[in-house]
Amino acid sequence: MFNEFHNYLTLTPGFEITKQEDNTISFSYKNYQFLFIYDNTDPYYFRLILPNITNVASLKGSVDDIINDYNSKFKVSKIIKVGDSLWVSVEQFIYTKDKLSELFGRLVNLLAIVVDDFRREHLNL
């Protein structure tokens, strides 16, 4: 899956690989910094992450309630608290390579939609 995603990034306009190591690719797209994480022990699984979408100190209200609301609203993604910041991710198991590039594009755009919505709702951006 790592090679397929790397090829997708290099062949699709708008993506820029910023760092690559072992099983992780950092890349930028539309002013966002993403992580693609692949596990060699499971060739069918990968995770896409938008780290550090905000610092929890900038939020008004219960962080747990905000996270639960978003995890219910956007069921395919997951917001988690990592230290003092929030991250949003999507995890997938892929058993066929049919339409893989369409899936990659949809997942990247989905994460951007979640963050855009989050920023409008909770950060007034």
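Tutor: Happy to! One term before we start: buried means under 20% relative accessible area, exposed means over 50%, and partly exposed is in between. Also keep in mind that this is a predicted model.

Student: Okay, then is threonine 12 buried, exposed or partly exposed?

Tutor: Threonine 12 has a relative accessible area of 21%, so it counts as partly exposed.

Student: And where does threonine 12 lie?

Tutor: You'll find threonine 12 in the loop between helix H1 (2–11) and strand S1 (16–21).

Student: Which backbone oxygen lies 2.7 Å from a polar atom of its side chain?

Tutor: That oxygen belongs to tyrosine 8.

Student: Switching topic: how many aromatic pairs does the structure hold?

Tutor: There are 18 aromatic pairs. One of them joins phenylalanine 2 and tyrosine 38, with 6.4 Å centre to centre and 45 degrees between the planes, and it is tilted.

Student: Which parts does that pair tie together?

Tutor: Phenylalanine 2 sits in helix H1 and tyrosine 38 in strand S3 (residues 32–38), so the pair ties together parts that are 36 residues apart in sequence.

Student: Are those two buried or exposed?

Tutor: Phenylalanine 2 counts as buried because its relative accessibility is 12%. Tyrosine 38 is buried too, at 11%.

Student: What about phenylalanine 5 and phenylalanine 36, why is that pair stacked?

Tutor: Their ring planes are at 5 degrees, with the centres 4.1 Å apart, so the pair is stacked. This pair also links distant parts of the chain: phenylalanine 5 is in helix H1 and phenylalanine 36 in strand S3, 31 residues apart. Both of these phenylalanines are buried.

Student: Which residues do ring pairs link into a cluster?

Tutor: The cluster includes Phe2, Phe5, Tyr8, Phe36 and Tyr38, and among its other members are Phe46 and Phe104.

Student: Now helices. At what angle do helix H2 and helix H3 pack?

Tutor: Helix H2 (residues 63–73) and helix H3 (residues 100–122) pack at about 140 degrees, and their axes are 12 Å apart.

Student: Why are H2 and H3 called oblique rather than roughly antiparallel?

Tutor: Roughly antiparallel needs an angle over 145 degrees. Their angle is about 140 degrees, and H2 and H3 are therefore oblique to each other. H2 passes H3 in a right-handed crossing.

Student: Which residues meet there?

Tutor: From H2 come Ile66, Tyr70 and Lys73, and they meet Val114, Asp117, Phe118, Glu121 and His122 in H3.

Key
Residues are numbered from 1 along each chain as its sequence is written. This is a predicted model: local features need pLDDT of at least 70, side-chain atom pairs count only at pLDDT 80 or more; totals for chains, interfaces and linings use all residues. Side-chain values use heavy atoms; hydrogens and water are left out. Helices (H or I, at least four residues) and strands (E, at least two) are DSSP runs, numbered from the N terminus. Buried means under 20% relative accessible area, exposed over 50%, partly exposed in between (1.4 Å probe, protein chains only). A polar contact is a pair of N or O atoms within 3.5 Å; within protein, one must be able to donate a hydrogen and the other to accept it, and residues adjacent in sequence count only if both atoms are side-chain atoms. Rings of Phe, Tyr and Trp (its six-membered ring) pair if their centres lie within 6.5 Å; planes under 30 degrees apart count as stacked, over 60 as edge-to-face and the rest as tilted. Axes are lines fitted to C-alpha atoms, for helices over the stretch in contact, and angles run from 0 to 180 degrees between N-to-C directions. Angles under 35 degrees count as roughly parallel, over 145 as roughly antiparallel, 65 to 115 as roughly perpendicular and the rest as oblique. A crossing is left-handed if the near helix is turned anticlockwise from the far one by less than a right angle, and right-handed if clockwise. Contact means heavy atoms within 4.5 Å.
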